[in-house]
Amino acid sequence: DLYEHDVVEYEDGDELGLGVVGADGRVHPLCSFDEAAVDHVWDEEVDSVDAARAVRVVDDVYPKTRAGRVTIPRPLFMRGEFLVTVQAAGAA
């Protein structure tokens with residue numbers, strides 16, 4: 001069973017993608033913004049996928065938030081952004 005906020009690997013063509021289970025039960029893809037591909041955020045440019053595409057729940061996941069800038073209507077207003085740190089297998 002999958003639960004909201006589970007981080008999963010899912011089938012994405014011939015590759016595996018990384019996503020988070022949303023309140024609607026669907027998997028929303030995550031994208032990485034760092035070269036080490038350790039920290040991931042909600043990918044706002046793609047649609048969620050069916051949970052049946054999930055192949056496994058990822059262990060060693062550390063959810064957190066970071067400050068994000070909202071540019072409309074007040075450029076100085078900050079909002080929280082969902083961030084997931086995924087510890088690579090074998091990393092200390």
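The side chain of His28 makes a polar contact with the side chain of Trp42 at 2.8 Å. A polar contact is a pair of N or O atoms within 3.5 Å; within protein, one must be able to donate a hydrogen and the other to accept it, and residues adjacent in sequence count only if both atoms are side-chain atoms. The model is predicted: local features need pLDDT of at least 70, and side-chain atom pairs count only at pLDDT 80 or more, while totals for chains, interfaces and linings use all residues. Residues are numbered from 1 along each chain as its sequence is written, and side-chain values use heavy atoms, with hydrogens and water left out.

## The chain as a whole

The protein chain has 7 strands and 0 helices. Both kinds of element are DSSP runs numbered from the N terminus, helices being H or I over at least four residues and strands being E over at least two. Of the 92 residues in the chain, 30% are buried. Here buried means under 20% relative accessible area, exposed means over 50%, and partly exposed is in between (1.4 Å probe, protein chains only). The accessible surface of the chain comes to about 6400 Å², and carbon and sulfur atoms hold 50% of it. These areas come from the Shrake-Rupley method with a 1.4 Å probe. A contact means heavy atoms within 4.5 Å. Among contacts in the chain with a separation of 6 or more, 38% are between residues 24 or more positions apart.

## Hairpins

Two strands pair if DSSP finds at least two bridges between them. S1 and S2 run antiparallel and are joined by 6 bridges, with Tyr10 opposite Gly17 in S2. S2 and S3 are also antiparallel, over 3 bridges; here Gly19 has Pro29 of S3 as its bridge partner. S3 in turn is joined to S4 (residues 39-42) by 3 bridges, again antiparallel, and Ser32 stands opposite His40 in S4.

| Strands | Residues between strands | Residue and phi |
|---|---|---|
| S1 and S2 | 2 residues | Gly13, about 70° |
| S2 and S3 | 5 residues | Gly25, near 85° |
| S3 and S4 | 6 residues | Ala37, about 55° |

Asp24 lies in the loop between S2 and S3. With a relative accessible area of 57%, Asp24 is exposed. The side chain of Asp24 reaches the backbone nitrogen of Arg26 at 3.0 Å. The C-alpha atom of Asp24 is separated by 10.0 Å from that of Tyr3, which is 21 residues away along the chain.

## Around His28

His28 belongs to strand S3 (residues 27-32). Its relative accessibility is 10%, so His28 counts as buried. Not counting residues up to four places away in sequence, His28 touches Gly19, Val20, Trp42, Asp43, Val46, Asp47 and Ser48.

Asp43 is in the loop between S4 and S5. Asp43 is buried, at a relative accessible area of 15%. With the sequence neighbours up to four places away left out, Asp43 touches His28, Pro29, Leu30 and Cys31.

## Nonpolar cores

A nonpolar core is a set of buried Ala, Val, Leu, Ile, Met, Phe, Trp, Tyr and Cys residues joined through side-chain atoms within 4.5 Å. The largest core has 8 residues: Val7, Leu18, Val20, Leu30, Val58, Val61, Val84 and Val86. At least two of its residues come from each of strand S2 (15-21) and strand S7 (78-86). A second, separate core has 5 residues, including Val8, Tyr10, Val21 and Val49. In soluble globular proteins, nonpolar side chains tend to be buried together. S2 is mostly covered, with 5 of its 7 residues buried.

## Salt bridges

A salt bridge is a side-chain nitrogen of Lys or Arg within 4 Å of a carboxyl oxygen of Asp or Glu, and by this rule there are 2. Arg56 forms a salt bridge with Glu9, with the closest N and O atoms 2.9 Å apart. Arg56 is in strand S5 (residues 54-57) and Glu9 in strand S1 (residues 7-12), so this pair ties together parts 47 residues apart in sequence. Asp12 forms a salt bridge with Arg53, with the closest N and O atoms 3.8 Å apart. This pair also links distant parts of the chain, Asp12 being in strand S1 and Arg53 in the loop between S4 and S5, 41 residues apart.

Arg56 is partly exposed at 40% relative accessible area, Asp12 is partly exposed at 40%, and Arg53 counts as partly exposed at 29% relative accessibility.
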